[in-house]
Amino acid sequence: MSKSPVTVVKNIAQQLQARIRSKEWAAMGKLPGQRQLAEEMGVSRASLREAITMLEGLGLLRSEAGRGVFIAEPGEAGLGSAYGRWPFHGRYALRDVYLVRAQLEELAAMLAASVITESGLERLRETVRHMQAAADVGDLVSMAEGDHAFHACLFELAGSPLLLDILAGIEDVVEGSRQVAFANPARVNEPIHEHMQVIEALATGSPQKAGLAMRGHLNNVADRSGVRLGAKKAVADKA
């Protein structure tokens, strides 16, 4: 069975991340040309470009027109955000995306809290364990994957086909905003704790507590990207 395009791109991103971490290209400070690299890895240039875009979002790479793809310094400012590259720069303001996400995901958390089961809670905890294992080895690609799994699972548990359809319509934009938030090296582990706060709030069965915890999490996600949604950074801590 052939791999899905998403899996192919993720695998390429994993390989590139490993080679960056091993300092394979440290001497020249940039990746080889994309044609050469695609042939060497046995992948299409289109898939390679998508993987590079993913790593730019995570703050690991930086493209310069006419010059190539450079290895970014930790915490280096990216296009459209304080850290990673925002791929929708010029079309959507990153702050607007986080505002929309906060509304949708707060609603999803409130709906999920009303119907959550121990099985559902365990599925969410598994995504946190995935993120922690990735954090332990410095794997940003897998951390972002675990973050995606957490939020996707929550929307599924909310049980609203309309919310799922809305999310599907903006999936690429949401994914880009997710990657940018992981590009802040000083705060990359914070989502793990925040996800556990959301899970604990869901476990109470209180839609208000779950919604507040998720709102606090999204405020912090935005803050890690250099975007301030509200006056208070950690609303969830008051729940």
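## Aromatic pairs and overall fold

Two aromatic pairs are present in the structure; rings of Phe, Tyr and Trp (for Trp, its six-membered ring) pair if their centres lie within 6.5 Å, and planes under 30 degrees apart count as stacked, over 60 as edge-to-face and the rest as tilted. In the pair of Trp86 and Phe88, the ring centres are 5.4 Å apart and the planes stand at 55°, so this pair is tilted. Phe88 and Tyr92 make up a tilted pair too. Here are the two side by side.

| Pair | Centre to centre | Angle between planes | Class |
|---|---|---|---|
| Trp86 and Phe88 | 5.4 Å | 55° | tilted |
| Phe88 and Tyr92 | 6.1 Å | 45° | tilted |

Trp86, Phe88 and Tyr92 form one aromatic cluster. Trp86 and Phe88 are both buried, while Tyr92 is partly exposed at a relative accessible area of 34%. For these words, buried means under 20% relative accessible area, exposed over 50%, and partly exposed in between, with a 1.4 Å probe and protein chains only.

A word on what you are looking at: this is a predicted model, in which local features need pLDDT of at least 70 and side-chain atom pairs count only at pLDDT 80 or more, whereas totals for chains, interfaces and linings use all residues. Residues are numbered from 1 along each chain as its sequence is written, and side-chain values use heavy atoms, with hydrogens and water left out.

Now for the whole chain. The protein has ten helices and two strands, where helices (H or I, at least four residues) and strands (E, at least two) are DSSP runs numbered from the N terminus. Along the sequence, their order is α-α-α-β-β-α-α-α-α-α-α-α. The radius of gyration is 18 Å, close to the 18 Å that the globule rule gives for 239 residues, so the protein is as compact as a globular protein of that length. That radius is taken over C-alpha atoms, and the rule is 2.2 Å times the number of residues to the power 0.38. Along the principal axes, the C-alpha atoms fill a box of roughly 55 × 45 × 35 Å.

Of the 239 residues, 48% count as buried. The accessible surface comes to about 11500 Å², and 55% of that belongs to carbon and sulfur atoms; the areas come from the Shrake-Rupley method with a 1.4 Å probe. Taking contacts (heavy atoms within 4.5 Å) between residues at least 6 apart in sequence, 67% join residues at least 24 apart.

Ala102 gives a local view of such contacts. Ala102 sits in helix α4 (residues 94-115) and counts as buried at 1% relative accessibility. Leaving aside residues up to four places away in sequence, Ala102 touches Arg215 and Leu218. Ala102 and Gly216 are 114 residues apart in sequence, yet 8.8 Å apart in space, C-alpha to C-alpha.

Val137 lies in the loop between α5 (118-136) and α6 (140-158), and is partly exposed, with a relative accessible area of 48%.

Finally, if you check backbone torsions, have a look at Lys23. Its phi is near 65°, a positive value in a residue other than glycine. Lys23 is in the loop between α1 (5-21) and α2 (34-41) and is exposed, at a relative accessible area of 59%.
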